Amino acid sequence: MGYGYGPGWGMMGGWGGYGGYGYGIFGMIIWIVILVGIVALVVWLVRSVAAPGMHPHPPPRRSSGLDVLEERYARGEINRDEYLQKKKDILG
């Protein structure tokens, strides 16, 4: 046969391999899975780094009543005890 890279070379005799390496269809499937994994990892990294303010679950909205309560407390319309009691009532 000779010592070259022609038919008969390698572990599988040149048969069933992707590029002559003897992996066959399973080797090709493994490489596709690896490539899909790498692409998914890159997409995940780009999404997590590029848009840190965009989360899948935004923080819960504050009650507008709490905003009004804070404004009244800041203006001095209610004292600290009233503020804390009303805040506790609003937040439940």
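Modeller: Let us begin with one side chain. Y73 counts as partly exposed because its relative accessibility is 34%; buried means under 20% relative accessible area, exposed over 50%, and partly exposed in between (1.4 Å probe, protein chains only). This is a predicted model, in which local features need pLDDT of at least 70 and side-chain atom pairs count only at pLDDT 80 or more, while totals for chains, interfaces and linings use all residues. Residues are numbered from 1 along each chain as its sequence is written, and side-chain values use heavy atoms, with hydrogens and water left out.

Colleague: Is Y83 buried or exposed?

Modeller: Y83 is buried, at a relative accessible area of 11%. Of the 92 residues of the protein, 7% count as buried.

Colleague: How many helices and strands does the protein have?

Modeller: Helices (H or I, at least four residues) and strands (E, at least two) are DSSP runs, numbered from the N terminus. Here there are three helices and zero strands, and the pattern along the sequence is α-α-α.

Colleague: How is the packing of two helices described?

Modeller: One gives the angle between their axes and the distance between the axes. Axes are lines fitted to C-alpha atoms, for helices over the stretch in contact, and angles run from 0 to 180 degrees between N-to-C directions. Helix 2 (residues 64-75) packs with helix 3 (residues 80-91) at about 175°, the axes being 10 Å apart. Helix 2 is therefore roughly antiparallel to helix 3 (under 35 degrees counts as roughly parallel, over 145 as roughly antiparallel, 65 to 115 as roughly perpendicular and the rest as oblique).

Colleague: Which residues of helix 2 and helix 3 meet?

Modeller: Contact means heavy atoms within 4.5 Å. G65, L66, L69, E70 and Y73 in helix 2 meet R80, Y83, K86, K87, I90 and L91 in helix 3.

Colleague: What aromatic pair does the structure hold?

Modeller: Rings of Phe, Tyr and Trp (its six-membered ring) pair if their centres lie within 6.5 Å; planes under 30 degrees apart count as stacked, over 60 as edge-to-face and the rest as tilted. The one aromatic pair is Y73 with Y83, stacked at 4.5 Å centre to centre with 15° between the planes. Since Y73 lies in helix 2 and Y83 in helix 3, the pair ties together parts ten residues apart in sequence.
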